[in-house]
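User: Hi! Could you walk me through this model, with the cut-offs spelled out along the way?

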Amino acid sequence: MDGIHDMGGLDGFGKIPIDHDEPIFHAAWEGRAIALATMISAVEGFTDDHYRQEIERLAPTDYLSATYYERWVVAMERLLRQAGVIEEGESPQGDAKPLNPDVLLAADLPAAISEGFPRRMPDSASVPRFAVGDLVEVRNMRSPGHARLPRYLRGKRGQVISDHGLFPFPEAVAAGRAEAPQRVYSVLFQTQEVWGPDAPSGDSLVADLWEAYLQAQ
Amino acid sequence: MSEQDHDHGSYNEVMTARVKALESLLTHKGLVDSAAVDLFIDLYETKIGPRNGAQVVARAWSDPGYKARLLADGAKAIAELGFSGMESEQLVVVENDAQTHNIVVCTLCSCYPWAVLGLPPTWYKSAPYRARVIKEPRSVLAEFGVALGEGVQVRVWDSTADLRYFVLPRRPEGSDKLDEKALADLVTRDGMIGTALV
């Protein structure tokens with residue numbers, strides 16, 4: 001979706017809020033929020049794609065005025081309500097339930113963090129459409145839901161510099177469909193191609209793009 | 001609701017209550033282990049942070065074989081030093097040199113290499129950084145007080161997919177005699193994102 005989250009190149013945001021001494025969390029609730037979001041995802045099967053989609057659905061003014069971790073809280077609450085896990089305004093009733101077997105326990109957490117959640121999929125059976133060195137053009141694609149194609153790249157011409165293998169297609173995952181794996185390529189763009197002739201010549205940018213986002217030049 | 005609409009105190013009070021209510025509900029339903037929540041916070045506040053990345057950089061500066069492995073497969077190479085996993089499962093390391101200065105962003109959200117840098121700073125996740133660095137990196141670098149050498153070109157890496165990016169800064173002049181520990185002390189978090197030279 002062409003949401004406010006897709007902000008690469010937007011003007012008017014002003015100075016960067018640099019704070020060299022800031023704590024990891026400005027308030028304790030921030031830490032609890034990100035930890036909770038990570039933990040509940042393991043049980044409920046929420047992926048980053050699901051979180052991002054909910055965050056991207058915030059109205060532009062809400063997105064911009066919410067703090068970073070507040071967006072996570074909103075997304076988590078919405079995902080849990082959509083999944084029927086919690087209801088609006090619900091509070092704990094009756095006896096506490098026993099721990100769900102999928103819950104990540106403290107003892108298991110360090111190993112879970114060290115393993116992470118690798119998303120790359122086996123690719124021996126897949127035939128890549130593009131090779132390193134190929135000249136490509138970003139398709140003029142619009143998706144109604146979650147996507148990972150920044151607006152600033154539509155129609156721009158670049159060169160494939162890496163083939164990273166197969167990854168689940170975020171649009172499919174966020175829409176609740178099967179993973180629909182596609183190859184992801186790093187594509188190199190000259191700054192002037194993207195931002196026009198007044199941009200510094202020689203500067204460049206790279207974005208990682210799913211195969212569906214690209215066509216041959 | 002925003003931090004600007006109310007003073008920080010009352011905003012944080014409201015959010016504290018909101019998150020506490022959610023955690024209580026989920027705990028009551030047996031869906032979360034609060035001790036795991038406590039530990040997650042502790043790990044990212046005290047253990048998993050830029051000192052990890054600094055060790056990787058120092059090793060790469062000291063050992064050409066390690067540097068080659070790091071540039072070929074970042075995730076595999078950082079695992080040699082015991083770093084791995086969440087938000088760095090697929091890691092690409094980009095090297096600054098005399099011709100190129102690299103800088104990393106996630107214009108669409110906040111993707112960041114947690115295993116080597118910990119959690120991202122507020123500025124990295126901010127609208128000004130995300131909007132501006134992809135279009136005017138030199139202006140952003142100036143705000144960070146970074147002056148690039150003559151003829152150095154800038155390459156911005158937008159973390160739009162599942163790859164996470166990490167900058168290998170240039171080894172400072174005059175650091176030849178330093179051991180790995182001293183070298184690691186030279187490396188800053190911002191140097192590994194690209195908003196500092198080292």
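Here are some questions and answers on the fold, the helix packing and the pocket.

Analyst: A quick note before we start: this is a predicted model, in which local features need pLDDT of at least 70, side-chain atom pairs count only at pLDDT 80 or more, and totals for chains, interfaces and linings use all residues. Residues are numbered from 1 along each chain as its sequence is written, chains are lettered from A and ligands numbered from 1 in the order in which they are written, and side-chain values use heavy atoms, with hydrogens and water left out.

User: What pattern does chain A follow along the sequence?

Analyst: Helices (H or I, at least four residues) and strands (E, at least two) are DSSP runs, numbered from the N terminus. Chain A has 7 helices and 5 strands. Read along the sequence, they give α-α-α-α-α-β-β-α-β-α-β-β.

User: Is H1(A) parallel or oblique to H2(B)?

Analyst: Axes are lines fitted to C-alpha atoms, for helices over the stretch in contact, and angles run from 0 to 180 degrees between N-to-C directions. The axes of H1(A) and H2(B), residues 34–46 of chain B, come within 9 Å and cross at roughly 120 degrees. Angles under 35 degrees count as roughly parallel, over 145 as roughly antiparallel, 65 to 115 as roughly perpendicular and the rest as oblique. H1(A) is therefore, relative to H2(B), oblique.

User: How are H4(A) and H1(B) oriented to each other?

Analyst: H4(A) and H1(B), residues 8–28 of chain B, pack with axes 12 Å apart at an angle of about 30 degrees. These two helices are therefore roughly parallel.

User: How many nonpolar residues are in the contact of H4(A) with H1(B)?

Analyst: Contact means heavy atoms within 4.5 Å, and here the residues include Val73(A) and Leu80(A) of H4(A) with Met15(B) and Leu22(B) of H1(B). Ala, Val, Leu, Ile, Met, Phe, Trp, Tyr, Cys and Pro count as nonpolar, Asp, Glu, Lys and Arg as charged, and the others, Gly among them, as polar. The contact has 3 charged residues, no polar ones, and a nonpolar count of 9.

User: Which residues are the closest to the centre of the largest pocket?

Analyst: On a 1 Å grid over the protein atoms alone, a pocket is an open set of points where a 1.4 Å probe fits, with protein on both sides within 12 Å along at least five of seven lines; lining residues have an atom within 4 Å of a point. The largest has a volume of about 700 Å³, the space filled by probe spheres set on points joined across faces, edges and corners. Of its 36 lining residues, the closest to the centre are Thr47(A), Asp48(A), Arg52(A), Trp72(A) and Glu87(B).
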